Amino acid sequence: WEWDWNRAEQAFRKAAQLQAEGLGGGTSHAFLMLTLGRFDQAMELCERALKVDPLSAPVALAAAWIYLRIGEIEKARRQGKNAQELDPNIYHNLEFPPIDILIDLHQGRGMEAMMKYQAFLVEAKLDPAKSALPYLMAHAGLKDQVRGILQMADLSAADPVKLAVVYAVLEDYDQAFACLERGIEGRYRAMLEIAVTPEFAPMRTDPRFTSILQRMKLP
């Protein structure tokens with residue numbers, strides 16, 4: 001919340017000493033390393049967490065997400081599958097699509113990813129209106145349809161950082177930056193990953209992106 005990364009790291013290290021292998025076996029600490037761009041340490045903490053708590057679906061899913069962000073695709077795929085085997089309902093919270101679908105997405109198979117996600121929503125009996133479907137549609141090239149959805153939808157309660165990602169895919173960068181401004185004001189959790197969110201790559205040379213990183217005291 002305060003973006004005091006040094007104190008956060010000190011607190012994680014102290015917590016690890018006091019609680020042995022608590023805090024999700026280290027995945028929370030790994031997310032901090034991801035935020036700070038210290039990928040080797042993030043991976044080490046993930047490996048440790050998976051050894052400490054090999055039967056935890058949340059730990060496996062957290063590791064899969066971190067691996068995906070770092071670009072360790074096969075490790076991400078393996079732990080995403082592991083998480084689903086440990087808990088078949090792990091992806092039913094609509095926070096983000098299954099890892100294998102995200103891998104398809106970021107390897108350029110946008111239409112295939114969208115179709116898989118639509119099938120997943122039907123199988124899991126999840127409400128498409130509350131899902132990440134517009135995000136998948138944007139990656140699949142259905143940009144005009146997504147703009148229409150965004151214009152008609154009530155976005156007042158939406159996570160502005162997730163909206164920023166969709167706008168970035170649509171190449172509506174001014175809207176994306178407006179959403180990130182709301183994200184930084186509201187201290188939204190997803191702001192912690194903006195430096196490693198691939199959809200923001202075209203925005204990183206913009207002075208507005210540099211300003212956001214500086215205000216968050218991120219490298």
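A residue counts as buried when its relative accessible area is under 20%, as exposed when that area is over 50%, and as partly exposed in between, with a 1.4 Å probe and the protein chains only. At 0% relative accessibility, Phe200 therefore counts as buried. The structure looked at here is a predicted model, in which local features need pLDDT of at least 70 and side-chain atom pairs count only at pLDDT 80 or more, while totals for chains, interfaces and linings use all residues. Residues are numbered from 1 along each chain as its sequence is written, and side-chain values use heavy atoms, leaving out hydrogens and water.

Rings of Phe, Tyr and Trp (for Trp, the six-membered ring) pair if their centres lie within 6.5 Å; planes under 30 degrees apart are called stacked, over 60 edge-to-face, and the rest tilted. Searching the whole structure turns up two aromatic pairs. One of them joins Tyr117 and Phe120, a stacked pair with 6.0 Å from centre to centre and 25° between the planes. These two residues sit about one helical turn from each other because they are three residues apart in helix H7 (residues 110-124); helices here are DSSP runs of H or I with at least four residues, strands are runs of E with at least two, and both are numbered from the N terminus. Both Tyr117 and Phe120 are buried. Phe200 and Phe209 make up a tilted pair, 6.2 Å centre to centre with 55° between the planes. Like Phe200 at 0%, Phe209 counts as buried, at 2% relative accessibility.

A charge is said to sit over a ring if NZ of Lys or CZ of Arg is within 6 Å of the ring centre and within 35 degrees of the ring normal. The charged end of Arg187 sits over the ring of Trp1, 5.5 Å from the centre. Arg187 also lies over the face of Trp3, at 3.7 Å from the ring centre.

On to the salt bridges, each being a side-chain nitrogen of Lys or Arg within 4 Å of a carboxyl oxygen of Asp or Glu. The whole structure holds 16 of them. Glu9 takes part in one with Arg13, where the closest N and O atoms are 3.0 Å apart. Glu9 counts as buried at 10% relative accessibility, whereas Arg13, with a relative accessible area of 42%, is partly exposed. Glu9 also meets Arg38 in a salt bridge of 2.8 Å, N to O. This second pair links distant parts of the chain, 29 residues apart: Glu9 is in helix H1, and Arg38 is in the loop between H2 and helix H3 (39-52). Arg38 counts as partly exposed, at 27% relative accessibility.

Asp104 and Lys116 form another salt bridge, with 2.7 Å between the closest N and O atoms. Asp104 lies in helix H6 (residues 99-106) and Lys116 in helix H7, so their pairing ties together parts 12 residues apart in sequence. Asp104 counts as buried, at 4% relative accessibility, and Lys116 is partly exposed, at 33%. Asp104, Arg109, Glu112 and Lys116 belong to one network, joined by salt bridges that share partners.

A pocket is found on a 1 Å grid over the protein atoms alone, as an open set of points where a 1.4 Å probe fits, with protein on both sides within 12 Å along at least five of seven lines; lining residues have an atom within 4 Å of a point. Points are joined across faces, edges and corners, and volume is the space filled by probe spheres set on them. The largest pocket holds about 1100 Å³. Its lining has 36 residues, with Leu94, Glu95, Ala132, Asp159 and Lys162 nearest the centre. Helices H4 (57-70), H8 (133-139), H9 (143-152) and H10 (160-169) each give at least two residues to this lining. By class, the lining of the largest pocket has 25 nonpolar, two polar and nine charged residues (Ala, Val, Leu, Ile, Met, Phe, Trp, Tyr, Cys and Pro count as nonpolar, Asp, Glu, Lys and Arg as charged, and the others, Gly among them, as polar). The second largest pocket has a volume of about 440 Å³. Among its 18 lining residues, Trp1, Trp5, Leu32, Thr35 and Leu192 lie nearest the centre.
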